[in-house]
Every structure is written in C-alpha cells, then in structure tokens.
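The sequence and the model are shown here.

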Amino acid sequence: MRAALRIIRILERHKIPWILEHPLTSRAWWIRAFGRLLEKEHIEFVVLDQCQYGTPWKKATGLLCSRIDSTARLGHRCGGLRNNKCSRTGKAHIVLRGADPKSGKNWTSIASPYPAKLNRALAFCLVDSFRHRFSVDELM
C-alpha cells in the first residue's frame, strides 16, 4: 500500500489519471490516506459488480478514480439482490467459496483475473481521460 500511495502521489503531482482497484470488502479501503484522497474534488469512489461485465459471480469491486472523465462506464451494479440471481443474465451467481468441482481450483483464484469487458472499460476510461488532458506535443 505504501508503494501504491507513493505512485499515486507522483501521478497526482503531474495530474495524470489513475485508477486503484480492490474488492469492495478489502481492508485497504479503511486506510486513512485513501479517505483523505476522497476529499479531493477530482477523486471519486466507484463500485461495480463483476457479473455486469460477464462473470458468473457477483464480486463487488471498488475503484478509486482520479481525473477519470467517464466513470459512468464503470459503475454497473447488479440489481438481483434478493434472489441471488444476476440482473444481467437471470441466472444464479456462483458463490466464491470452496472449489470448482470440475477443475478443483478455488473459486477465488478463478475469479481473480478481471473480466475482459471490465479491462476494456478501464482501458477506455484511462486512455480517454489521458487524451483529454494532454496534447500529443506534451507526450513527445
């Protein structure tokens, strides 16, 4: 976390867009330094559910975003709270506990990579925000 905060300070000094991700239930969000960052006008906390990006599990995720113009692309939440069914697919969410009976791998390990649709949304938001802040001449 110290290394991440050092990098964030550098990015903030140069007004470069950035996104920090952790599971929504992570204790990392309790760190005082992150709370202080949220006091800044250009920093936003976004919550998403990974099932809205193509996974069969819900996996709520938090994103701390700085200078991201299009966070609305990221904050997609599942509306199927009562019956554990996904609002996108109508199917029951896989619970990330235990192991997949087919592969024997822990569900949490299987669910650790970001879904491809989320990767594309994050990349778009970063590139789009970066493009709006810097001219080509500044980058060369």
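The model is predicted. Begin in helix α4 (residues 116–133), which holds both Arg 131 and Asp 128, three residues apart, or about one turn of the helix. Their side chains form a salt bridge, with 2.9 Å from N to O. Arg 131 has a relative accessible area of 57% and is exposed, whereas Asp 128, at 11%, counts as buried.

Side chains of opposite charge can pair when their charged atoms come close. Across the whole structure, a search finds three salt bridges.

Another of these joins Arg 67 and Glu 12, whose closest N and O atoms are 3.0 Å apart. How accessible are the two partners? Arg 67 is buried, at 11% relative accessibility. Glu 12 is buried too, with a relative accessible area of 10%.

There is also a salt bridge between the side chains of Arg 77 and Asp 49, at 3.0 Å from N to O. This pair links distant parts of the chain, 28 residues apart: Arg 77 is in the loop between β3 and α3, and Asp 49 is in strand β2 (residues 43–49). Is Asp 49 buried or exposed? Its relative accessibility is 0%, so Asp 49 counts as buried. Arg 77, at 42% relative accessibility, counts as partly exposed.

Methods: Residues are numbered from 1 along each chain as its sequence is written. This is a predicted model: local features need pLDDT of at least 70, side-chain atom pairs count only at pLDDT 80 or more; totals for chains, interfaces and linings use all residues. Side-chain values use heavy atoms; hydrogens and water are left out. A salt bridge is a side-chain nitrogen of Lys or Arg within 4 Å of a carboxyl oxygen of Asp or Glu. Buried means under 20% relative accessible area, exposed over 50%, partly exposed in between (1.4 Å probe, protein chains only). Helices (H or I, at least four residues) and strands (E, at least two) are DSSP runs, numbered from the N terminus.
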